[in-house]
Amino acid sequence: MHKSALYTAIVLSLSITPLTALSDTQSAMTVDGCWIRSMPGNTPSAGYFGLHNRTDQSVDLVGVDTTAFGSAMLHQTQTDNDVKKMVMLDKVSVPGRSTLSFAPNGYHVMFENAEKPLDNDSTVFVNFHFSDGEKIVARCAIKKTGK
Ligand SMILES: [Cu+2]
């Protein structure tokens, strides 16, 4: 590949990154595809995303916060004798060189007490805190479904 073409390819990939993760692209962790289910009134809303760990060591997601919601907790939906329940977690580990999906019926972030009603198709900024001290700011879309 010609040098300038390679340079263009790098610039293009960098310019796409800020849509999902605003942090340094060389960071250990990346957050992508973040969306939060839009709910009527002040009903708690679940947030979903993918976490990718570029390092060889396991890194934990230890907390999430945003000015858009009064609280944000790490949850996992578990099924116990056909009964679905949500369990609160202190942290979620992402093994080295792997991707972990937060998705419906599994890991999610429970957002509660919206500061103001959130319009469908709007976005909010969410801070993700990791055990290696890293903080990633991701833009999360408010949507009715993940599609
Ligand atoms: Cu939950």
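Student: Which residues does phenylalanine 49 touch, not counting residues up to four places away in sequence?
Tutor: Keep in mind that this is a predicted model, where local features need pLDDT of at least 70, side-chain atom pairs count only at pLDDT 80 or more, and totals for chains, interfaces and linings use all residues. Numbering starts from 1 along each chain as its sequence is written. Being in contact means that two C-beta atoms, placed from the backbone, lie within 7 Å. On that basis, phenylalanine 49 touches Val31, Asp32, Gly33, Cys34, Phe102 and Ala138.

Student: How many residues does the largest nonpolar core have?
Tutor: A nonpolar core is a set of buried Ala, Val, Leu, Ile, Met, Phe, Trp, Tyr and Cys residues joined through C-beta atoms within 7 Å. Buried means 20 or more other C-beta atoms within 10 Å of a residue's own, exposed means 12 or fewer, and partly exposed is in between, with C-beta atoms placed from the backbone. Val31, Phe49, Val126, Phe128 and Ala138 have the most contacts inside the largest core, and its residue count is 29.

Student: Which elements give two or more residues to this core?
Tutor: Elements here are DSSP runs numbered from the N terminus: helices are H or I with at least four residues, strands are E with at least two. The chain has one helix and 10 strands. The contributors are strand 1, strand 2 (45-53), strand 3, strand 4 (69-80), strand 8 (107-114), strand 9 and strand 10.

Student: Which residues are on the covered face of strand 10?
Tutor: In a regular strand, side chains alternate between the two faces of the sheet. Strand 10 covers residues 135-143, and its uncovered face holds Lys135, Val137, Arg139, Ala141 and Lys143. The covered face has Ile136, Ala138, Cys140 and Ile142.

Student: In what sense do strand 9 and strand 10 pair?
Tutor: Strands pair if DSSP finds at least two bridges between them. Strand 9 (residues 123-130) has seven bridges to strand 10, and one of the bridge partners there is cysteine 140, for valine 124. In their hairpin, with four residues between the strands, glycine 133 takes a positive phi near 90°.

Student: Which residue of strand 9 does leucine 61 stand opposite?
Tutor: Strand 3 (residues 59-65) runs antiparallel to strand 6 (residues 92-94), where leucine 61 stands opposite valine 92. Strand 3 also pairs with strand 9, in the antiparallel sense over four bridges. In strand 9, leucine 61 stands opposite phenylalanine 130.
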